[in-house]
Structures are given as structure tokens and as C-alpha cells.
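Please look over the sequence and the model shown here, and then follow the points below, which are grouped by topic.

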Amino acid sequence: MLTVAVLLSGRGSNLGALIGAQNEGLPIRLVLALSDRPGAPGLELARAAAVPTLAIDASAYRNNKAAFEDALDAALQASGCELVVLAGFMRVLSADFVRRWHGRMINIHPSLLPKYPGLRTHQRALDAGDAEHGASVHYVTPVLDGGPVLMQVRMLLCAGNTPEAVAASLLPLEHRLLVASVALIATGQVQLQGEQILYRQQALQHVLQLEDGEDAAGADSPADPT
Ligand code: GRF
């Protein structure tokens with residue numbers, strides 16, 4: 001049973017996906033939902049599912065990022081989590097903090113990394129005229145959205161799409177992507193060794209793809225724990 005903490009700043013729908021997966025038997029235990037914003041709706045979602053919650057109000061630490069991160073670190077350690085999932089956590093973590101959780105922290109990002117790290121990813125993909133877009137789950141390193149990518153999900157973009165429509169289409173795919181990625185880690189099929197992802201004890205040569213129509217329980221899915 002992998003113990004998991006989720007860091008979020010807002011809605012928390014990805015946390016919701018993990019709660020659903022836990023309830024359906026994914027071998028994880030959500031031990032903490034932590035937000036840097038006390039009013040984040042995701043905290044309500046966690047409370048309703050009896051997941052322990054904590055808010056560490058970043059605005060109270062405006063001039064002291066190190067103290068904020070020390071509080072974050074202490075809370076994560078106290079939770080006993082083995083994996084930290086950044087899911088809509090809108091704060092850039094320092095290299096020092098990230099190194100403390102090396103190999104134990106993943107992020108879900110709404111683009112096909114290495115394309116479009118940072119913000120406004122859907123708008124940027126549309127502006128570039130990309131035919132394809134998607135989301136990535138990657139291990140967190142000090143380079144923003146730059147750590148080794150574990151798995152991606154893809155979608156087609158059409159002329160005339162709006163960023164809002166793209167976000168709405170992508171979100172359910174993100175949920176499946178995150179659950180499948182966490183499933184791989186929880187079942188011991190994936191680890192990070194240095195900067196290299198190991199998949200079933202072999203160096204991962206190509207980013208895994210969540211194929212359309214498959215999910216973590218799918219027989220041929222890369223997340224299939226058999
Ligand atoms: C998702 O689009 C995720 O990819 C990005 O932030 C959003 C979080 O959504 N990092 P939610 O709070 O999980 O609903």
C-alpha cells in the first residue's frame with residue numbers, strides 16, 4: 001500500500017480521481033491533501049472522503065519561502081507519505097526542497113512535455129497551430145516541468161478550439177493519466193534512479209502512452225500490474 005500526499009491549490013479534480021481510484025482498490029492510501037490556499041475547493045473534496053487535510057497559507061510566508069517550504073516538508077514527513085503528487089499546485093518549489101523529495105515527487109502538467117512548460121499551455125499549443133496536445137506526468141526535478149517524463153496522454157486539436165474547450169476535453173484524460181501513473185509506482189513497476197526512470201527494472205526508453213480506451217485496469221495498458 002503506497003502512502004500518497006497530494007499538493008494542490010484549487011479545484012482538486014485530480015485528487016478526486018485518486019480518491020476514486022483508492023476507493024476502487026488501487027493499492028494507495030491518501031494520507032494528506034495539502035493546499036497553499038486555505039480556501040481551495042480540493043480540501044473540501046478531501047474532507048468529504050475522510051482524507052486528512054492541511055492548509056499552509058502561502059500568503060503568510062510571503063517574504064520567507066524557506067520557512068514555507070520547511071513547514072511543507074515537516075507536514076509531508078509527518079504524514080508518512082512515500083509519494084508526493086503535485087496536482088494543480090501553483091507554486092514553484094525551490095531546488096533545495098525538490099532535492100529532498102527526489103524520486104518521490106511527481107507532477108501532472110497539461111502539455112506534451114518538453115513542449116510548453118509553465119502556464120497557459122492550451123493557448124500556446126493553439127497559437128502554435130499544433131495538431132496534437134495532451135498532458136504529462138513527470139518526476140519533479142529542480143528544472144520547472146523539466147524532470148523525466150513517465151507517461152503522457154494525447155488528444156487532437158482542431159482549428160477553432162478554445163483553451164477552455166481544450167481544458168475540458170483534456171481533464172478526464174488527465175485523471176486517467178494520473179491514476180495510471182500512480183498505479184505503476186504503487187505496484188512497484190516504476191522507480192526513478194538518478195535521472196533515469198526504470199520501468200519493470202529496465203531503463204525507460206520511450207515515454208509511456210495512455211492509449212485511448214485504456215486505463216489503469218486495462219489488460220494491455222502499460223499500467224497493467226500483472
Ligand atoms: C490540471 O490541469 C493539471 O494538469 C494542472 O493543474 C490542473 C489542476 O486541476 N497542473 P485540478 O485542481 O486537479 O482540478
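A backbone polar atom of I108 lies 2.9 Å from a nitrogen atom of the ligand, a polar contact being a pair of N or O atoms within 3.5 Å. Taken alone, the ligand exposes 370 Å², and the protein buries 85% of that; such areas come from the Shrake-Rupley method with a 1.4 Å probe. The model is a predicted one, in which local features need pLDDT of at least 70 and side-chain atom pairs count only at pLDDT 80 or more, while totals for chains, interfaces and linings use all residues. Residues are numbered from 1 along each chain as its sequence is written, and side-chain values use heavy atoms, with hydrogens and water left out.

**Ligand surroundings**

- The residues around the ligand, that is, those with a heavy atom within 4 Å of it, are R11, G12, S13, N14, G88, I108, P110 and E174.
- R11 has a polar side-chain atom 2.6 Å from an oxygen atom of the ligand, and an N or O atom in the side chain of S13 lies 2.5 Å from an oxygen atom of the ligand.

**The largest pocket**

- The largest pocket holds about 990 Å³ of space, where a pocket is an open set of points on a 1 Å grid over the protein atoms alone, each fitting a 1.4 Å probe and having protein on both sides within 12 Å along at least five of seven lines. The volume is the space filled by probe spheres set on the points, which are joined across faces, edges and corners.
- Its lining comprises 39 residues, of which G88, F89, M90, I108 and P110 are the closest to the centre; a lining residue has an atom within 4 Å of a point.
- At least two lining residues come from each of α1 (13-23), β5 (105-109), α5 (121-127) and α6 (163-186), and α6 gives the most, with four residues. Helices (H or I, at least four residues) and strands (E, at least two) are DSSP runs numbered from the N terminus.
- By residue class, the lining divides into 19 nonpolar, 14 polar and six charged residues, with Gly counted as polar, and with Asp, Glu, Lys and Arg as charged.

**The two sheets**

- Eight strands form an open sheet of mixed pairing, in the order β3-β2-β1-β4-β5-β6-β7-β11; two strands pair if DSSP finds at least two bridges between them.
- Because β3 (53-55) and β11 (208-209) stand at the edges with a single partner strand each, one side of each is left without a neighbour in the sheet.
- β7 (residues 149-156) pairs with β11 in the parallel sense over two bridges, and M151 has L208 as its bridge partner in β11.
- Three strands form an open antiparallel sheet in the order β8-β9-β10, with β8 (190-193) and β10 (202-203) as its edge strands.
- Four bridges join β8 to β9 (residues 196-199), and L198 in β9 is the bridge partner of Q191.

**The loop between β5 and α5**

- P114 lies in this loop and is joined to L113 by a cis peptide bond, with omega about 10 degrees.
- Y116 also has its place in the loop between β5 and α5, and its phi is positive, near 55 degrees, in a residue other than glycine.
- Most residues other than glycine have a negative phi, and most peptide bonds are trans.

Definitions and conventions
A polar contact is a pair of N or O atoms within 3.5 Å; within protein, one must be able to donate a hydrogen and the other to accept it, and residues adjacent in sequence count only if both atoms are side-chain atoms.
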